[in-house]
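Trainee: I am new to this structure. Can you walk me through how to read it?
Mentor: Gladly. Take a look at it, and then ask away.

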Amino acid sequence: MALADTSAQARARRADDRVWIERITAPYWVIGVILLIIPAFASDFVMFQIFGWTFILGMIATSLMFLGGYGGMVSLAQMTFAGVAGYMVAIFGDSAIDTISMGWPWFIAIPLALIIAAIFATVIGWLAVRTVGIYTIMITLAIAAAFFYFTRQNYDIFNGFQGFNSVFPPRLFGVDWRQPMAFYYLTLFWAAVTYFSVLYLSRAPFGLALQGVRDNPRRMAALGFNVTAHRVAAYAFSAIPAGIGGILLTWQSGQISPGTVGIQPAIDILIIAVVGGLGHPVGAFIGAFLYVILKTFAVDFLIAVGLSGDRFQLLIGLGFLLVVLWSEDGLLGLWSKLRASRHRDPLTGEVRE
Amino acid sequence: MNALSATGTENALELRGMSKRFGALAALSDIELVVKPGERRAVLGSNGAGKTTLFNCITGDFPPSEGSIRLFGEDVTAFPAQERIRRGLRRTYQISLLFTGLSVIDNIYVACLGVSRGRFSFLRARRNDALVASAEELTQVVNLWDARDTPVSSLSYGQQRQLEIAMALAGAPRFILFDEPAAGLSPTERRELVDILTGLPGHMGYIIIEHDMDVALRVSEYVTMMHNGRIFKEGKPAEIEDDPEVQALYLGGDTA
């Protein structure tokens with residue numbers, strides 16, 4: 001998984017004296033403006049369900065992209081980290097289950113939820129980094145399954161099968177943040193924070209060293225790095241975007257229950273990240289958008305062509321299969337392939353700049 | 001950790017009774033090796049003599065089966081690799097272990113980072129950062145300045161070997177292990193390599209594994225011959241060169 005833009009960025013790091021606003025490239029302007037004005041013409045459903053959900057799943061998938069793409073560790077526990085944060089907000093904050101929920105104010109409940117998610121991820125990471133490849137996947141899958149069954153069977157803290165309902169965002173600045181347009185901007189804001197933090201971190205010492213650990217752990221140790229500590233720290237960090245996503249997800253549906261942290265959602269996050277592409281954080285959001293569109297409209301589409309709507313998973317599965325068959329790095333990989341072939345000289349086969 | 005134990009008056013490296021077995025195979029047997037600070041030592045020997053295994057034990061890639069390793073007076077036998085590196089030990093690899101996805105300067109920057117406190121920093125380096133400056137300086141030392149933004153995957157083999165050396169020089173090393181740095185280099189590149197090695201500051205000792213006698217004898221003050229996992233001769237380059245046993249060994253005979 002090469003970082004194609006590395007040397008270009010390295011050059012920019014040294015030679016770019018422009019003000020930060022001049023350095024923003026055209027695609028960022030275009031997409032940024034479109035995302036900001038979408039509420040002007042989109043329906044409540046599109047803002048709340050399509051985009052709100054895309055941003056949330058994108059954030060959780062970004063946490064996997066960070067671990068997998070930069071750290072070479074494929075974890076199925078990211079949805080579990082998100083779920084831990086979601087559950088903690090319901091437990092420390094307000095919900096309809098007032099026998100368990102403590103009703104603490106949001107400025108205590110939310111940071112506490114994220115801290116607990118990060119501690120949980122540190123422990124899981126500490127277990128998982130001792131393994132590589134398929135075994136990491138198995139361990140994190142086992143943890144996701146264990147957490148699912150635990151929440152379903154534990155009634156004292158997690159309220160078992162029912163979970164928590166009526167978990168809503170705080171009324172901050174007099175805004176009802178669950179109202180579609182407010183929720184759209186809330187999720188957009190945190191998605192943007194996640195996206196730019198991960199991008200920034202990828203070129204900071206921690207991120208660079210993580211990529212070094214991915215490419216060559218033995219060499220990293222011989223350069224003085226503590227490989228295990230670095231991997232565990234990556235897990236801990238990944239719990240923050242996942243946790244924020246988990247809290248927003250809880251607010252969006254107004255509830256959290258074992259179904260939120262089941263095996264299926266855990267695998268969905270993997271699918272989103274892989275279909276989008278693990279090479280760049282934008283892949284996670286592209287994958288999330290595609291997933292939300294399919295999940296929302298596949299039923300209608302299947303019924304329209306005369307098939308049973310229950311088969312929408314089949315469509316998602318087929319889409320997944322096609323992308324993975326055609327490209328090593330999801331939709332991002334397809335995109336760069338396409339660009340390369342457009343720039344390829346038809347006679348020599350060489351790629352021009 | 002005793003700070004007094006690493007004053008520099010101690011031996012740079014001290015191996016006592018070190019052995020390494022892989023199952024029934026004895027890769028190293030009863031190695032006794034003492035290298036003084038600033039000393040430049042060549043380790044010679046045929047394939048399978050145990051030279052690289054010796055390096056792997058010293059850096060901590062795997063633990064020795066028996067014996068002890070002292071670095072600058074401190075017993076590091078039980079230390080993980082990164083702890084030995086932080087005490088001033090460095091090494092290069094025979095098969096380049098570079099970060100192929102990163103550019104030349106980023107490879108060296110990561111190397112500089114490894115022994116700095118900023119390893120876990122979430123903040124990006126500024127342009128006037130001391131680490132960036134030392135990384136840029138190292139690219140010049142190994143003549144890679146013009147290729148600094150090139151991804152490692154598109155470097156020539158010789159340039160990759162030079163980058164290996166630059167990474168071993170990162171962060172004020174005190175003692176370096178070079179594993180066949182000249183292998184596969186052209187005659188010109190070999191001359192450059194000899195210049196780089198002989199141009200290192202005097203306090204920087206090293207051990208070099210080298211098949212090319214020409215290179216090995218020019219960059220070292222003392223030579224250790226290994227055969228079948230044992231040290232079988234030590235001496236000055238001239239003595240080793242004239243030694244009939246060594247000559248026999250290097251001509252393919254097996255008189256040891």
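Mentor: Start with the two chains. In this predicted model, 34 residues of chain B are in contact with 30 residues of chain A.

Trainee: Which helices of chain B each supply at least two residues of the side that touches chain A?

Mentor: Helix H2 (81-86) and H3 of chain B do. H3(B) gives the largest share, six residues.

Trainee: What is the make-up of that side by class?

Mentor: The side of chain B that touches chain A has 16 nonpolar, ten polar and eight charged residues.

Trainee: How do I describe two helices that pack together?

Mentor: Two packed helices are described by the angle between their axes and the distance between the axes. Here is a case across the two chains. Helix H8 (residues 205-215) of chain A and helix H3 (residues 104-114) of chain B have axes that come within 10 Å. The axes cross at roughly 105 degrees. That makes H8(A) roughly perpendicular to H3(B), because angles of 65 to 115 degrees count that way.

Trainee: Which residues of H8(A) and H3(B) meet?

Mentor: From H8(A), they are A:Pro205, A:Leu208, A:Ala209 and A:Gly212. H3(B) brings B:Asp106, B:Val110 and B:Leu113. The contact of H8(A) with H3(B) divides into five nonpolar residues, one polar and one charged.

Trainee: Now a pair inside chain A. At what angle do H7(A) and H10(A) pack?

Mentor: Helix H7 (residues 180-203) and helix H10 (residues 227-253) of chain A pack at about 170 degrees. Their axes are 10 Å apart. H7(A) and H10(A) are therefore roughly antiparallel to each other.

Trainee: Which residues make the contact of H7(A) with H10(A)?

Mentor: H7(A) uses A:Phe183, A:Thr187, A:Trp190 and A:Thr194. H10(A) answers with A:Pro241, A:Ile244, A:Leu248 and A:Gln252. By class, this contact has five nonpolar, three polar and no charged residues.

Trainee: Where does the kink in H2(A) lie?

Mentor: At A:Leu35, shortly before the proline A:Pro39. The kink is about 30 degrees.

Trainee: How many residues of H11(A) are buried?

Mentor: Ten of its 14 residues, so this helix is mostly covered. Among the buried ones are A:Ile269, A:Leu270, A:Ile271 and A:Ile272. What covers them includes helix H3 (44-70), helix H4 (78-92) and helix H6 (134-153) of chain A.

Trainee: What follows H11(A)?

Mentor: A:Gly277, with a positive phi near 120 degrees.

Trainee: And H4(A), how many of its residues are buried?

Mentor: 15 of its 15 residues are buried. H4(A) reaches 21 Å from first C-alpha to last, close to the 21 Å expected.

Trainee: What is phi near in B:Asn143?

Mentor: It is near 60 degrees, a positive value in a residue other than glycine. B:Asn143 sits in the loop between helix H4 (130-141) and helix H5 (157-168) of chain B. With 16 other C-beta atoms within 10 Å, B:Asn143 is partly exposed.

Trainee: Buried or exposed: how does B:Ala238 count?

Mentor: Exposed, with 10 C-beta neighbours inside 10 Å. B:Ala238 has its place in helix H8 (residues 237-242) of chain B.

Key: Residues numbered from 1 in each chain as written. Chains lettered and ligands numbered in written order. Predicted model: local features only at pLDDT ≥ 70, side-chain atom pairs only at ≥ 80, totals over all residues. Axes fitted to C-alpha atoms, helices over the stretch in contact; angles between N-to-C directions. Helix = DSSP H or I, 4+ residues; strand = E, 2+ residues; numbered from the N terminus. Parallel < 35°, antiparallel > 145°, perpendicular 65-115°, else oblique. Contact = placed C-beta atoms within 7 Å. Nonpolar A, V, L, I, M, F, W, Y, C, P; charged D, E, K, R; others polar. Bend = angle between axes of the 7 residues up to and from the residue. Buried ≥ 20, exposed ≤ 12 C-beta atoms within 10 Å, placed from the backbone. Expected span 1.5 Å × (residues − 1).
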